[in-house]
Amino acid sequence: MKNKIVVFVFVLLMMSFLVSCQQRKNEDKVIVSSFKDLLDTIPENVKADDIYGGWALTAPDGDERFIWSKDYSKSPYHDVLIEFDSKPFVDAGLVISKLPTNIVLNNKIMVGVKLSNEKLTYNGEATPLDSFKKFIEIKPNQIVYHSELDHYGVNLENGNIFSWAKNMLNNDSDIQFLLDPQMLIDAGVDPMKVTGWEYKKNTVIDSNGTKTDIYKFIKSFNLK
């Protein structure tokens, strides 16, 4: 009898695991599909990037980019990152020398995360979507979801996020760049004087469902 109970519990656990895996796969497909819609919406703003060895999606104003690597073994500092113009922050008091090292290049500030040193391989020539699929396969937990905005986002850690609408057809804000303000404030920025970026509360929901309002610098774009 005891053996039958053990087998029954094991079967239940396996069924639960398989269901969970299938749900994860289905969600990953939706995430990739929504990102493809984003790339297809502004194809002229998606280009190869030689500096970081990957792909860059440039915001309509040309001042911000979301960049994702196509080979983690060749990425210099980050595998996924946001790059943004330093001028609005310098005009608001930023002292560049007070920022961490290796974060500023050609008047651009970079915030991102190094995921691994893994060499990524592809069947044929890689496309921007192929490299994003690799990212989802390797680091699915770097993707976050904002239920109120109906946005997916890439968690760049330290409070920095690039997000895009799950459905471009019924969303006023199609992409957002979200920056944690503390590093910039510590380097001299007066958040109320930064032009072009909103300084406002953003609701964060943790794994327990607890909501917390955290201030961010946010820049939003409607692509249609």
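**Close-up views of a predicted model**

**View 1. Contacts around serine 69.** Leaving aside neighbours within four places in sequence, serine 69 touches Tyr52, Gly53, Gly54, Ser75, Asp79 and Ser131 (contact means heavy atoms within 4.5 Å). This is a predicted model, in which local features need pLDDT of at least 70 and side-chain atom pairs count only at pLDDT 80 or more, while totals for chains, interfaces and linings use all residues. Residues are numbered from 1 along each chain as its sequence is written, and side-chain values use heavy atoms, with hydrogens and water left out.

View 2. Serine 69 belongs to strand β3 (residues 64-69); strands (E, at least two residues) and helices (H or I, at least four) are DSSP runs, numbered from the N terminus. Serine 69 has a relative accessible area of 2% and is buried (under 20%; exposed is over 50%, partly exposed in between; 1.4 Å probe, protein chains only). The side chain of serine 69 forms a polar contact of 2.7 Å with the side chain of serine 75. A polar atom of the serine 69 side chain also lies 3.0 Å from the backbone nitrogen of aspartate 71. A polar contact is a pair of N or O atoms within 3.5 Å; within protein, one must be able to donate a hydrogen and the other to accept it, and residues adjacent in sequence count only if both atoms are side-chain atoms.

**View 3. The buried face of helix α3.** Within α3 (residues 128-138), the buried residues are Pro128, Leu129, Ser131, Phe132, Phe135 and Ile136. Seen down the helix axis, these buried residues fall within an arc of 160°, so they line one face of α3; the arc is that of the directions from the helix axis to the C-beta atoms.
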